[in-house]
Amino acid sequence: MGKSKGEMWQYFWQGAKANSSQYRATCLGCIRHHLGKVDLNDAETVDFDSDEAAFKNACIAAGSVLGEKNAMIAHILGGEKPCRYASNTATVTAKALRKRIQDTRKKGKRERDGSSGDDEGPGDISEPAPSKRRRAVDRVEKHQTKRKVFKGISIPFSDEEEKTIHTQFTRATISANLPFQWVEDPEIIKLFSMFRSCAGNVIPSSKVLAGRLLQEEERVGEEQKETLKNENVTLT
Ligand SMILES: [Zn+2]
């Protein structure tokens, strides 16, 4: 498998398409285990697909994750429970890659904290840095370390997950009729951090929530109304 595909794919079998751009991924270590061929290395495990039926069954028994680097790393290293069957090189690669991702995120966070930063990365200059929220998040994180408050598992969110979470923040805000500032409340941030310790990275600022995210949600609502209207026309 080429390097361009992402280095974690050396340790995963590519399964069915999960969506327009991603595939399901099954851990080669887990496949080996279910094949009863624990002595194979990762490359040999891939070659073992010549015994189609056995390989297929092992894949089904092993289960799959989304073929996206964060999900694949999470399978190998685990939140609390790492994969017992992954090869040593898979673990080493996953650890190195996770560190690189975390370093990039930290760097991004520092840049966002600066006065000229923005929440969504370069190219989106309409929304200034959510420095108030970021400060609240940092305060909560510091406080948690100091008081040894129970902390959620530490798995970074993918960009796709962050987008879905943002949409859900908008819907939850509208549904429960919450003020937009609720996302910056330290007790709320503390609550979410109990589920995932890096939740603070994906909680939108109240400004982004009341601005871009709300607009996007309204646009989706309009489109759905439009579709329904058209369907009614064809039905009658
Ligand atoms: Zn595994």
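**A close look at the zinc site**

Modeller: His75 counts as partly exposed, because its relative accessibility is 22%. Buried means under 20% relative accessible area, exposed over 50%, and partly exposed in between (1.4 Å probe, protein chains only). This is a predicted model, in which local features need pLDDT of at least 70 and side-chain atom pairs pLDDT 80 or more, while totals for chains, interfaces and linings use all residues. Residues are numbered from 1 along each chain as its sequence is written, and side-chain values use heavy atoms, without hydrogens or water.

Now to what His75 does here. Through its NE2 atom, His75 coordinates the zinc ion. Donors are N, O and S atoms within 2.8 Å of the metal (3.2 Å for Na, K and Ca); water is not among the atoms, so sites may look incomplete. The four donor atoms make angles of 100 to 117°, and the site is tetrahedral (four donors, all angles between 85 and 135 degrees).

Next, the sequence. The donor residues follow the spacing C-x2-C-x44-H-x7-C. Cys27 sits in strand S2, and His75 sits in helix H4 (residues 69-77), so this pair ties together parts that are 48 residues apart in sequence. Helices (H or I, at least four residues) and strands (E, at least two) are DSSP runs, numbered from the N terminus. Cys27 has a relative accessibility of 3%, so Cys27 counts as buried.

Follow Cys27 into its sheet. Three strands form an open sheet in the order S1-S2-S3, with antiparallel pairing. Strands S1 (12-17) and S3 (65-66) stand at the edges; each has a single partner strand, so one side of each is left without a neighbour in the sheet. Pairing means that DSSP finds at least two bridges between two strands.

Take S1 and S2 (residues 23-27) together. They pair over four bridges, in the antiparallel sense. A hairpin of five residues joins S1 to S2. Where do the partners sit? Start with Lys17: its bridge partner in S2 is Tyr23. Gln14 stands opposite Ala25 of S2. Trp13 stands opposite Thr26 of S2.

Now look across to S3. S2 and S3 also pair in the antiparallel sense, over two bridges. Here Ala25 stands opposite Val65 in S3.

A helix comes next. Helix H1 (residues 28-35) lies across S1 and S2, running at about 55° to S2. Axes are lines fitted to C-alpha atoms, for helices over the stretch in contact, and angles run from 0 to 180 degrees between N-to-C directions.

H1 has a helix partner too. H1 and helix H3 (residues 52-62) pack at an angle of about 115°, with their axes 8 Å apart. From H1, the contact takes in Cys30, Ile31, His34 and Leu35. From H3, it takes in Ala54, Phe55, Ala58, Cys59, Ala61 and Ala62. Contact means heavy atoms within 4.5 Å.

Finally, step back to the whole protein. There are nine helices and three strands. From the N terminus on, the elements run β-β-α-α-α-β-α-α-α-α-α-α. Buried residues make up 36% of the 236 residues. Among contacts between residues at least 6 apart in sequence, 62% join residues at least 24 apart.

Cys27 is buried, whereas His75 is partly exposed.

Conventions. Four donors count as tetrahedral if all angles lie between 85 and 135 degrees; four count as square planar and six as octahedral if opposite donors are over 155 degrees apart and all others between 65 and 115; anything else is irregular.
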